[in-house]
Amino acid sequence: MLSILRKARLKDKEMRILMLGLDNAGKTTIVKRIMKEDVTTVSPTLGFIIKTIDFMGYKLNICEPTRDLWDSTVLTALGDVGGQKTLRSYWKNYFEKTDTLVWVVDATDRLRVDDCRQELSGLLLEERLTGASLLVFLNKTDVEHCMSEQEVRERLDLDSIKTHKWTILPCSAMTGRNLNEGLEWVVQDAKDRLFLY
Ligand SMILES: Nc1nc2c(ncn2[C@@H]2O[C@H](COP(=O)(O)OP(=O)(O)OP(=O)(O)O)[C@@H](O)[C@H]2O)c(=O)[nH]1
Ligand SMILES: [Mg+2]
């Protein structure tokens, strides 16, 4: 299952993490908080951003692309369409080598939680994400009356996911709650995989 290339990279303690979720979920803010950057000035992401951090001896490459780049219909067409060819091939290459998918959910966005479930389940069908683990970050839990972990677990139907190893963690990019714990899970998962295969 796990490609030889991926495993070689894990041995080198280097990982590729894909940060996805509906717009405004807080993906950029999470990345900035992890990087210890100022989180008071965040604007919607254009194209994609990639940041590299050193964590527990691992080199974590975190990529946050915009929706039009990861939408499955677009992914299918990748390569066949002209235009921004370099960007596309670069992105496709990254996508296929994802070790961990971090799915960011806005705990205050009750209106779009169904959208969120559909997007996630569609993404998990994506063949190119086979073998990737899934960390669901329930973000913005610093806000009062937000959705609980249990509620989101049910509404996203997480317990039905059998194709990917997954976990859910309530977090906050504002306070920093559980962000390190999330990365620890990601790294531990990489270590487990090396041990298993
Ligand atoms: N209260 C609170 N607000 C947050 C938190 N994380 C992000 N926000 C706010 O949510 C808004 C969107 O944050 P972004 O980080 O730009 O979200 P994004 O998912 O990167 O959005 P796109 O790049 O447009 O897809 C900003 O106004 C952030 O300040 C959090 O943990 N708590
Ligand atoms: Mg963003």
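Student: Which element gives the largest share of the lining of the largest pocket?
Tutor: α2, with three residues. Helices (H or I, at least four residues) and strands (E, at least two) are DSSP runs numbered from the N terminus. A pocket is an open set of points on a 1 Å grid over the protein atoms alone, with protein on both sides within 12 Å along at least five of seven lines, and lining residues have an atom within 4 Å of a point.

Student: What should I know about the model?
Tutor: This is a predicted model, where local features need pLDDT of at least 70, side-chain atom pairs count only at pLDDT 80 or more, and totals for chains, interfaces and linings use all residues. Residues are numbered from 1 along each chain as its sequence is written, chains are lettered from A and ligands numbered from 1 in the order in which they are written, and side-chain values use heavy atoms, with hydrogens and water left out.

Student: How much space is in that largest pocket?
Tutor: About 470 Å³, a volume being the space filled by probe spheres set on grid points joined across faces, edges and corners. The pocket has 24 lining residues, and Asp 23, Asn 24, Ala 25, Gly 26 and Lys 27 are the closest to its centre. Two or more lining residues come from each of α2 and β3 (58-65).

Student: How does the lining split by class?
Tutor: Eight nonpolar, 10 polar and six charged residues. Nonpolar means Ala, Val, Leu, Ile, Met, Phe, Trp, Tyr, Cys and Pro; charged means Asp, Glu, Lys and Arg; the others, Gly among them, are polar.

Student: Where is ligand 1?
Tutor: Ligand 1 takes up the space of the largest pocket; to sit there, more than half of its atoms must lie within 2 Å of the grid points.

Student: How many residues surround ligand 1?
Tutor: There are 18, and the closest are Lys 27, Thr 28, Thr 29, Asp 142 and Ala 173. A residue counts if one of its heavy atoms lies within 4 Å. Helix α2 (residues 27-34) gives the largest share of this shell, three residues. By class, the shell has six nonpolar, seven polar and five charged residues.

Student: Which polar side-chain atom lies 2.7 Å from an oxygen atom of ligand 1?
Tutor: One of Lys 27. For Thr 28, a polar side-chain atom is 2.8 Å from a ligand oxygen, and for Asn 24 a polar backbone atom is at 3.0 Å from one. A polar contact here is a pair of N or O atoms within 3.5 Å. The protein buries 80% of the 650 Å² that ligand 1 exposes when taken alone, by the Shrake-Rupley method with a 1.4 Å probe.

Student: Changing topic, how many cavities of 30 Å³ or more are there?
Tutor: Two. A cavity is a set of grid points where a 1.4 Å probe fits but cannot get out.

Student: What lines the largest cavity?
Tutor: Leu 22, Asp 23, Val 104, Val 105, Asp 106, Asp 109, Arg 112, Val 113 and Cys 116, around about 70 Å³ of space. By class the lining has five nonpolar, no polar and four charged residues.

Student: And what lines the second largest cavity?
Tutor: Ile 17, Met 19, Ile 34, Ile 62, Val 102, Leu 135, Phe 137 and Leu 183. This lining has eight nonpolar, no polar and no charged residues, and the space is about 40 Å³.

Definitions and conventions
Polar contact = N/O pair within 3.5 Å; in protein donor to acceptor, adjacent residues only side chain to side chain.
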